[in-house]
Amino acid sequence: MNAHAPILPILIPLAAALLQMASGRLPFQRLVGLLATGLLVLLTGWLTLLADDGVLRVYALGDWPPPFAIVLVVDRLAAAMTLLTAVLGFLVLLYASAGFDREGMHFHPLFQFQLLGLLGAFLTGDLFNLFVFFEIMLLASYVLLAHGGGLTRTRAGITYVVLNLIGSALFLIALGLLYGTLGTLNLADVARALTQPGYNQALVRLSLALMIVVFALKAGLLPLSFWLPHTYTAAGAPVAALFAIMTKVGIVAILRLQAIALAPVMPDLLANWLTTLALATIVFAALGALAAVRLRALAAWLVLLSAGTLLLTPAQASVEVSAAALYYLVQSTLAGAAFFLLSGIIAEQRGKVADHFMTGPPLQAAWLKIAFLIVATTAAALPPFSGFVGKLMLLSSLREVAAGPVIWTVVLGSGFIVMAALARDGCYLIWKHKGAARPLAVEPVGWQRTTALLLLVAAGPLLALLARPLSDYSGRAAAQLHTPGAYVTGVLGAGAAKSIDHEARQ
Amino acid sequence: MEVLLSIAIGVLTACGVFLILRARTFPVLLGLTLLSYAVNLFLFASGRLRVDAPPLIRAGASYADPLPQALVLTAIVIGFGMTAYLAILALRGLSESGADHVDTDQDE
Amino acid sequence: MVKAGVFLLARLHPALGGTDLWFWLVSGTGAVTLLYSAATALFRHDIKGLLAYSTISHLGLITLLFGLDTRLSIVAGVFHIINHAIFKASLFMAAGVIDHECGTRDMRRVNGMFKRMPITGSLAIIAAASMAGVPLMNGFLSKEMFFAETVGHPQFEAISWLLPVVATIAGVLAVAYSLRFVHDVFFNGEPIDLPRQPHEPPRWMRAPIELLVLLCLLVGVFPQLTVAPLLKVAAAATLQGPLPAFELALWHGFNRPLMMSLLALAGGVFLYALRAPLFAWQAQLPTMHPRTAFERAYRVLANAARRGVALLDNGSLQRYNALLIGFVLVLGSWAFFSGEKASIRIAVQAADEAAYLALFALLLGSVGATLLYRKRLLAVLLVGVVGLVVAMIFIRLSAPDLALTQLAVETGTIVLMLLVLYYLPARTAPGSSASRLVRDVLLALFAGGGLMLVTLQMLATPFQTISGFYLQESVPGGGGTNVVNVILVDFRGFDTLGEISVLVIVALASHALLDRLTLIAPRYDSDGRAWAREAHPLFLSMLMRLLPALALTVSVYILLRGHNLPGGGFVAGLITSVALVVQYLANGNAFAHRRMPGNPAALLALGLALATGVGMASWLFDRPFLTTAHGHVSLPLIGEFELASAMIFDLGVYLVVVTVVVTVLSGLGLLSERAHKHEVAG
């Protein structure tokens, strides 16, 4: 089984989806879903430990030699991302199994397909195959977004779908151009071909720029970010929580493309524009957080804010920055998801006022207040939780770069705004009540949702406690990411990568 | 041949983009269809253009590049799925937003 | 606690110091904090309030020093951190003693304490003098250094007068509030209405104050002997470099800093003398609770943010699309033109009349559909024409599989669009404004023109490809002569597995989204013609009942030969589905439904499971997922033929395609059935 480990994270959700489709009975679907995602957590956890030996695990599908076969490539980064996806998927599914899955049809198989798309996108080493997994991921997310119905969701859905369809068209153009100039689609082979002389550089640059636009669209870079707050606010709480990792797919793709293909030969392609636009995204998201009128919208803006912060990193092309980015990515994903799940329960407990920032009935469950405090502290990057650690690591890694002072000003300024917004809005949700109002008589939160939420909330303190081993791992992952030569050799075999290492060293 | 195909791709793209920028869902659907034709032709063209050389193995023949053809086939099918989903979504939007207009519709 | 922030600033200094931005940001913040808090401290009636604002003010001073960013200013900052910690800690403890003894900290009531606690009073007076910067105290030393740094700071000649002025005003305020603390608390008549009778506190409560005040004096009088080593270590750690030469001494001669100190002392006394009118003036200012003030300020900001966000994001998909396309054009042009262009050799193949004719038809179809998009039916038909031309291009350019797929998909797309068209309201969209039209036409022309030129350039660029491998290995390795099909089911079968997953999701989506959806069936089409009400035409329905059998035969044939000749699971599946769709069109739902399988999801799962299972079977032979096997099989009657495991994969593809198309279209069909029932009921 060891040899087949890389494909298993893709086959487990596929098999689960098949079983769920075959039966259609909800209790059975829940059981299969939870067992499958639980298994996935164990498997990807094992994979993450396995990958820490620094050996690139390459799985050539159909037993053809790369670059002719599609390959799955497991390095530390890919393994860690699959683990993050699995953990998030398991917790969100647990939450959704308390009744959200009843609000529409086929929730469970669609959820598994969504995981399949995400996991495939993190694992594949082939750019066209990445397109295919993007499409699976997107289509499943389109349908999950519509889950539960309602006009807002449908409207947000049309916006989201049309923009991403244009994105898919751009991706195909980029792939056509890449194949039409370099004659290959395997990322390692592309990296190798880029170091050979004689290709049409203008066309290749255009192709890679288009690809980055597609990834940036997923990640929510300004001016392509307008769909994100609408979509995430419209989606049901568990769906939005799962979506917290969707922007990260785009960011990881940019990081990888930059490290493997761009850094050795055309480092200027990401030069100033990406950092500038990322800063603009942060400012925009902070304004949005200030303007938000309900908790779920605020959470959506915070997802955009963390995406903008992460988008600062690829252009720096530095191991230290990428290492900090990976820790930040993990903690911001979990904090974002916790925020969405919390907003769902808070909205439920406050009746008509829902999660709007208005005075309303007090919360029935007191632990929700503490949960909110922890999540808000994490999200506002205040000490002592993981949000603070992540931001501190990121900022201190960014102090060496040219745009350092501007980045610091924008990141700290936006952090201040978010802190003010969270403090003020939290008062409305938690402490301000109408007169001597009593809690509404609502359904209890239930053990599934309580467990899921508590575990996600606990991630804030936990990731801070584990900051040392985690940042060590992300440091090693970043170091591995930034050795394109080893990647190319690992995938294509020795000899192919001599030239690229030479280039990278220059 | 190359020039003609480039013109065809350019025109399809221009028409597709223009329609995508319209306000209603239906022209956007048409525009995405036209754009996907353009993109499929472009992806296909990345293997260069060959006449009378289908990639079917037989003695003493020369072949067009088979890989872009396989990719385009995948892209066509995925594109079809996406178009279908957008159509379904548009209908659903119509049903949901039309819900409060039922009375006026029946008055006609 | 509060020093932690300043400490962070000190730690950050090596990284960020030395830029204009750093100066403005840090020194600006510091100066504003310094002045505002010092002024506020003067007006606080609570002893601890006064001390707290004073602390904030001193932190502002330290921040300002770090912002000035000369090496000496850092030393001064670090020095002031040490000094401030000493005198402020003793003052806070003294305030605690007073609070403990009097039961209140209101300076309007706590007066004349010197008589009641002379020792504590003396200690507090010394510490307050240090806070004010009176000579012989440690506070004086670092304040002198601060004054010295503000004079003649190298940055920004034009405003070089500003810093000393700010520093002096701050000094005046500090003297005034220190004086107020001393005079109000320890003198100024008799206490008023105290809850307790104050006297000297127990010895152990005073001991730490005594120690700290002693330090104040020792540092103030003998700086070289006491604080210098500590300061050197701390300042060196902050600067992370060689220390500048500085001298810790009481007397530097009559220089500008000393003048400023004296001015501050005099000014402070003067200001305190004016306290009565000042307090009266402050009392009549409108008071606002800080929380209300915060809430108001927040509202103003939030509203501004809301307007800002709305300005950028007006919720219009059109604008999002235009931004995306515009962004791609700008970034793409930059990426393209900043790259080295390769020399291009144009070696075009001659085009024949048929090619020109095809281009003409394609132009007609696409431009026609674009111009006439409001006439929806016509537009759909024109798009259909374009699709046919694209299929013809594929045939002409050696891609028979693509042509077959394109034809089948085209049929499906057109049927889908017609169904959607049927329900869409007959409203015509309002025309776009002229400026909007110009924008859209420009974007369209740039996008179209750009991709056209890029295509030309790509076609003229020589390249090497990995495709040779597929052509070489197709027969020996993949067991099929149709290389495109072998790529789809074998070399890149993983893509295909993903692709049918996409189709399965579409089917699930249509099932989930169209469930229980009701739409009003329109009686007229968008041009005002009545839809036919009759049952399905007899001629068509008779003819079409024969079709499925024929189509099934054809698709089995196409499925089986797919590995070697154009065809395969997709095309076969689409042909079967198109037959079923036509069946549905000709005979109506009820008829079609009787012949449809019950649970589409299960059937979908079966197809996908077939494809996945075949892939997993290769594990039994210790090979990676989706490894294929093939061999010769001979059957009686049919004879000997090549059978590849990939063909079972293709069968899975076939099953999925058929089920998906039928699910989607029957979902839409059920919609129409409900719509008609709705109409009859209404």
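**View 1. Chain B against chain C.** In this predicted model, chain B and chain C bury about 8,400 Å² between them, and 79% of that area falls on carbon and sulfur atoms. The contact draws 73 residues from chain B and 103 residues from chain C. Looking at the side of chain B that touches chain C, you will find 54 nonpolar residues, 11 polar ones and eight charged ones.

View 2. On the chain B side, α1 (2-20), α2 (25-45) and α3 (66-98) each supply at least two residues that touch chain C. The largest share, 24 residues, comes from α3(B).

**View 3. Chain A against chain C.** Here 95 residues of chain A are in contact with 85 residues of chain C. The two chains bury about 7,700 Å² between them, with 77% of it on carbon and sulfur atoms.

View 4. Side chains of opposite charge can pair when their charged atoms come close. Between chain A and chain C the count is two salt bridges. One of them joins R623(C) and D63(A), with 3.3 Å from N to O. On the side of chain A that touches chain C, helix α6 (residues 151-182) of chain A gives the most, with 13 residues. That side of chain A divides into 70 nonpolar, 16 polar and nine charged residues.

**View 5. A helix pair across the two chains.** Two packed helices are described by the angle between their axes and the distance between the axes. For helix α1 (residues 8-23) of chain A and helix α22 (residues 493-514) of chain C, the angle is about 35 degrees and the axes are 13 Å apart. Their crossing is left-handed. From α1(A), the contact is made by I10(A), L14(A) and M21(A); from α22(C), by F494(C), L497(C), S501(C), V504(C) and L508(C). Seven of these contact residues are nonpolar, one is polar and none is charged.

**View 6. A salt bridge within chain A.** The whole structure holds 26 salt bridges over all chains. In the one shown here, R76(A) pairs with D52(A), and the closest N and O atoms are 2.7 Å apart. R76(A) sits in helix α3 (residues 76-96) of chain A, while D52(A) is in the loop between α2 (26-51) and β1 (57-60) of chain A, so the pair links distant parts of the chain, 24 residues apart.

**View 7. Backbone details in loops.** A cis peptide bond joins P66(A) and P67(A), with omega about 5 degrees. P67(A) is in the loop between β1 and β2 (71-74) of chain A. Another cis peptide bond joins L222(A) and P223(A), where omega is about 5 degrees. P223(A) lies in the loop between α8 (201-219) and α9 (227-234) of chain A. In chain C, look for L136(C): its phi is near 80 degrees, a positive value in a residue other than glycine. L136(C) belongs to the loop between α6 (118-132) and α7 (138-150) of chain C.

How values were computed:
Residues are numbered from 1 along each chain as its sequence is written. Chains are lettered from A and ligands numbered from 1 in the order in which they are written. Side-chain values use heavy atoms; hydrogens and water are left out. Axes are lines fitted to C-alpha atoms, for helices over the stretch in contact, and angles run from 0 to 180 degrees between N-to-C directions. Helices (H or I, at least four residues) and strands (E, at least two) are DSSP runs, numbered from the N terminus. A crossing is left-handed if the near helix is turned anticlockwise from the far one by less than a right angle, and right-handed if clockwise. Contact means heavy atoms within 4.5 Å. Ala, Val, Leu, Ile, Met, Phe, Trp, Tyr, Cys and Pro count as nonpolar, Asp, Glu, Lys and Arg as charged, and the others, Gly among them, as polar. Buried area is the accessible area (1.4 Å probe) that two parts lose on being put together, summed over both. A salt bridge is a side-chain nitrogen of Lys or Arg within 4 Å of a carboxyl oxygen of Asp or Glu.
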